[in-house]
Amino acid sequence: MGFRGTEDLGGGLAASFWLEAPISNDDGQQGIATFARRSTVSLSGGFGEVRLGREPVGWFR
């Protein structure tokens with residue numbers, strides 16, 4: 001399960017968030033409370049993107 005969003009801050013800047021949690025097929029409980037798969041916030045603009053948080057290994061672009 002995941003949530004993503006972006007907000008235009010004006011002046012070419014944007015703030016974003018990305019939250020992902022695994023859900024088990026058995027009971028639907030695994031990881032939802034902690035967003036264990038990915039949880040990041042970022043600021044982007046003409047300089048590129050600055051991202052903070054937890055991102056799984058191998059997902060860097």
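**View 1. The salt bridge between Arg51 and Glu49.** Arg51 is partly exposed because its relative accessibility is 29%, the class between buried (under 20% relative accessible area) and exposed (over 50%), with a 1.4 Å probe and protein chains only. The model is a predicted one, in which local features need pLDDT of at least 70 and side-chain atom pairs pLDDT 80 or more, while totals for chains, interfaces and linings use all residues. Residues are numbered from 1 along each chain as its sequence is written, and side-chain values use heavy atoms, without hydrogens or water. An N to O distance of 2.8 Å separates the two side chains, inside the limit for a salt bridge (a side-chain nitrogen of Lys or Arg within 4 Å of a carboxyl oxygen of Asp or Glu). A search of the whole structure finds one such salt bridge.

**View 2. The hairpin of S1 and S2.** The chain has four strands and zero helices, both taken as DSSP runs numbered from the N terminus (helices H or I, at least four residues; strands E, at least two). Along the sequence the pattern reads β-β-β-β. Strands S1 (2-10) and S2 (13-20) run antiparallel and are joined by eight bridges; pairing requires at least two DSSP bridges. Phe3 has Leu19 of S2 as its bridge partner, and Thr6 stands opposite Ser16. Two residues lie between the strands of the hairpin, and Gly11 in the turn has a positive phi of about 65 degrees. In a regular strand, side chains alternate between the two faces of the sheet.

**View 3. S2 against S3.** Strand S3 covers residues 38-45. Seven bridges connect S2 with S3, and the two strands are antiparallel. Trp18 is paired here with Thr40 of S3.

View 4. Ala14 is classed as buried because its relative accessible area is 15%. Of the 61 residues of the chain, 21% fall in the buried class. Beyond neighbours within four places in sequence, Ala14 is in contact (heavy atoms within 4.5 Å) with Thr6, Glu7, Asp8, Leu9, Ser42, Leu43 and Ser44. Gly45 is 31 residues from Ala14 in sequence, with a C-alpha to C-alpha distance of 6.5 Å. In the chain, 21% of the contacts between residues at least 6 apart in sequence join residues at least 24 apart.

**View 5. Gly48 in strand S4.** Gly48 counts as partly exposed because its relative accessibility is 32%. From Gly48 to Leu13 the C-alpha to C-alpha distance is 9.8 Å, across 35 residues of sequence.

**View 6. The largest pocket, with about 150 Å³ of space.** Closest to its centre, among 13 lining residues, are Arg4, Ser16, Trp18, Ser42 and Glu49. A pocket is an open set of points on a 1 Å grid over the protein atoms alone, where a 1.4 Å probe fits, with protein on both sides within 12 Å along at least five of seven lines; lining residues have an atom within 4 Å of a point. Points are joined across faces, edges and corners, and the volume is the space filled by probe spheres set on them. S1, S2, S3 and S4 (48-54) each supply at least two lining residues. S3 gives the largest share, four residues.
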